[in-house]
Amino acid sequence: MSVHIAGMGWVTPLGSGVEQVWSRLLNGESASAETLSSPLGRDYPVFRVPASAAAKAPAHPRLRRSSAISRFAAVAGLDALESAGLKLDSEIAQRTALIFAVSNGGVIYTKRFYHEIVESGAQAASPLLFPETVFNAPASHLAAILGITGATYTLVGDGAVGTLALKMAEDLMSNDTLDQCLVVGAEEADWLLCDAYRKWRLLRSAPPIEPFQEPPRGTILSEGAGAILLARSGPVRIKKIAGGTNFRKQREAAAGVDTVFSELCAMPPDLVAASANGTFIDAAEQDAIRKHSPNATVYAVKGPLGESVGASSLWQTICGAQALSTQRVPGSNEPVSLQSAVVSTCGLNQQVAGLRLTI
């Protein structure tokens, strides 16, 4: 079964709204890094979402004390519904599913909650903080805000989790009781995440991110959200989703990416929306691109926007869909001729997946 993209929403370090962010990318803009300082004495560059980008969050009791990822998800999800022209009444909401893709969860709230336990004992930890430490908190908030009474799921993974959530949505929509499925992925930036990725030797100390450089120099974490509304009709078709595979070691990533490209590139695509981010992922993707789609235009959105982990593969899918819709690719001043795009998602925690878009 193939599904279509009916609407999209975007919250990024370059602002919110698909049209606005895409325009800035076409103009060659990149996010500006700010510094996060840790109590361990280290500073980390991150790409943060500006306050103005999250200001569109609805004034809803659910968001009063919610985590950043819940607010990002609400803005992106509502934008996706608006761009599709879909207003959820009780009947439509019942026929709409929601899948939230997450990688690290509400790290800031989790850190605060456990810090209170360590500092003052279990009885001192605020019960108001605990709900935001749960992975499915954003899905719960979003379903309540939108009034969605259909199936609601949370999928946890790495940078490929958004693609896997789209695959799950495709499977759900084989049931004719559903008309559409909203897939949302979100991420927040925190020094604790930066410290973990530094210890894994994946971060670089300062911008810019340089995809496909040899040797790889590392990535920079970012935050935000992406939302895609899947339906049975829409301007861009998801022709095929490859559930992919896992790899145990970094040197095995190339074989996994090759498996995905083999499944998606029976006909070479016009565009590859790559997940290259300045790490070992780049070489794995570059090998597969040279083998399966050597003439394709290649675009890596993590260069200007950063590594958004849980939101990243949805950001890539939005880029692929926008390139097909506008016949433009950032980095090129001239319109291009695009009929198909492959989105390759290779996560830092050993997941590989991908999908093919057509118009």
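Buried means under 20% relative accessible area, exposed over 50%, and partly exposed in between (1.4 Å probe, protein chains only). This is a predicted model, so local features need pLDDT of at least 70, side-chain atom pairs count only at pLDDT 80 or more, and totals for chains, interfaces and linings use all residues. Residues are numbered from 1 along each chain as its sequence is written, and side-chain values use heavy atoms, without hydrogens and water.

Select Pro131. Its relative accessible area is 41%, so Pro131 is partly exposed. Pro131 sits in the loop between helix 5 (107–120) and helix 6 (137–146).

Next, select helix 1 (residues 18–26) and helix 12 (residues 312–326). They pack at an angle of about 80°, with axes 11 Å apart. Helix 1 is therefore roughly perpendicular to helix 12 (65 to 115 degrees). Show side chains: Val18, Glu19, Trp22 and Leu25 in helix 1 meet Ile318, Cys319, Gln322, Ala323 and Thr326 in helix 12 (heavy atoms within 4.5 Å). By class, this contact has 6 nonpolar, 2 polar and 1 charged residues.

Now find the largest pocket, with about 270 Å³ of space. Of its 16 lining residues, Met8, Val18, Glu19, Ser83 and Gln322 are the closest to its centre (lining residues have an atom within 4 Å of a point on a 1 Å grid). Strand 1 (3–12), helix 1, helix 3 (68–83) and helix 12 each give two or more residues. Strand 1 supplies the largest share, 4 residues. Colour the lining by class: 7 nonpolar, 5 polar and 4 charged.

Technical notes: Axes fitted to C-alpha atoms, helices over the stretch in contact; angles between N-to-C directions. Parallel < 35°, antiparallel > 145°, perpendicular 65-115°, else oblique. Nonpolar A, V, L, I, M, F, W, Y, C, P; charged D, E, K, R; others polar. 1 Å grid on protein atoms, 1.4 Å probe; cavity = no way out; pocket = protein on both sides within 12 Å on 5 of 7 lines; lining within 4 Å. Points joined across faces, edges and corners; volume = space filled by probe spheres on them.
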